[in-house]
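Here is a short briefing for a reader new to this structure.

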Amino acid sequence: MSGYKLNEVELQNAISNLPGWTVKEGKLHKEYKFSSFAEAMGWMVSVAIYTEKIGHHPIWLNIYNLVQVDLMTYDLGNVISNLDVELAKKMDELSKSV
Ligand SMILES: C[C@H](O)[C@H](O)[C@H]1CNC2=NC(N)=NC(=O)C2=N1
């Protein structure tokens, strides 16, 4: 899928359909809390498999059962793109099956 920078309206519209996601320091940001480290790690592995498939990767930090995620597109100059929104949606979807 080709990437394009979202304009302000597109970004606000995307955010309103992504529960828990905010824009923080120019990136899409969310903090996921799982019930254990194993569940956090299982989700991260499922996300990792997907990111390899689409060639778009998160910036993330795992602290026991917490995962802090930041999404942006460096290929387009560190902007929030449609690819970040697609990845955010997939992360949420995969978090429901943990
Ligand atoms: C060559 C490779 O597909 C590119 O460097 C991809 C890899 N993963 C990526 N991930 C993110 N988040 N942004 C990118 O611009 C990006 N580019």
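The shell around the ligand has 1 nonpolar, 4 polar and 1 charged residues. Its members are Gly-55, His-56, His-57, Thr-73, Tyr-74 and Asp-75. Keep in mind that this is a predicted model.

**Helix packing**
- Helix H2 covers residues 37-54 and helix H3 covers residues 82-96.
- The two helices pack at an angle of about 145 degrees, and their axes are 10 Å apart.
- H2 and H3 cross in a right-handed way.
- H2 brings Trp-43, Ser-46, Val-47, Tyr-50 and Thr-51 to the contact.
- H3 meets them with Leu-87, Lys-90, Met-91, Leu-94 and Ser-95.
- By class, the residues of this contact are 6 nonpolar, 3 polar and 1 charged.

**Positive phi angles**
- Most residues other than glycine have a negative phi.
- Tyr-64 is not a glycine, yet has a positive phi of about 50 degrees.
- Tyr-64 sits in the loop between strand S3 (59-63) and strand S4 (66-71).
- Asn-78 is not a glycine either, and has a positive phi of about 60 degrees.
- The loop between S4 and H3 holds Asn-78.

**Exposure of these two residues**
- Is Tyr-64 buried or exposed? Tyr-64 counts as exposed because it has 10 C-beta neighbours inside 10 Å, and the cut-off for exposed is 12 or fewer.
- Asn-78 also counts as exposed, with 10 C-beta neighbours inside 10 Å.

Technical notes. Residues are numbered from 1 along each chain as its sequence is written. This is a predicted model: local features need pLDDT of at least 70, side-chain atom pairs count only at pLDDT 80 or more; totals for chains, interfaces and linings use all residues. A residue is near a molecule or strand if its C-beta atom, placed from the backbone, lies within 6 Å of it. Ala, Val, Leu, Ile, Met, Phe, Trp, Tyr, Cys and Pro count as nonpolar, Asp, Glu, Lys and Arg as charged, and the others, Gly among them, as polar. Axes are lines fitted to C-alpha atoms, for helices over the stretch in contact, and angles run from 0 to 180 degrees between N-to-C directions. Helices (H or I, at least four residues) and strands (E, at least two) are DSSP runs, numbered from the N terminus. A crossing is left-handed if the near helix is turned anticlockwise from the far one by less than a right angle, and right-handed if clockwise. Two residues are in contact if their C-beta atoms, placed from the backbone, lie within 7 Å. A residue is buried if 20 or more other C-beta atoms lie within 10 Å of its own, exposed if 12 or fewer, and partly exposed in between; C-beta atoms are placed from the backbone.
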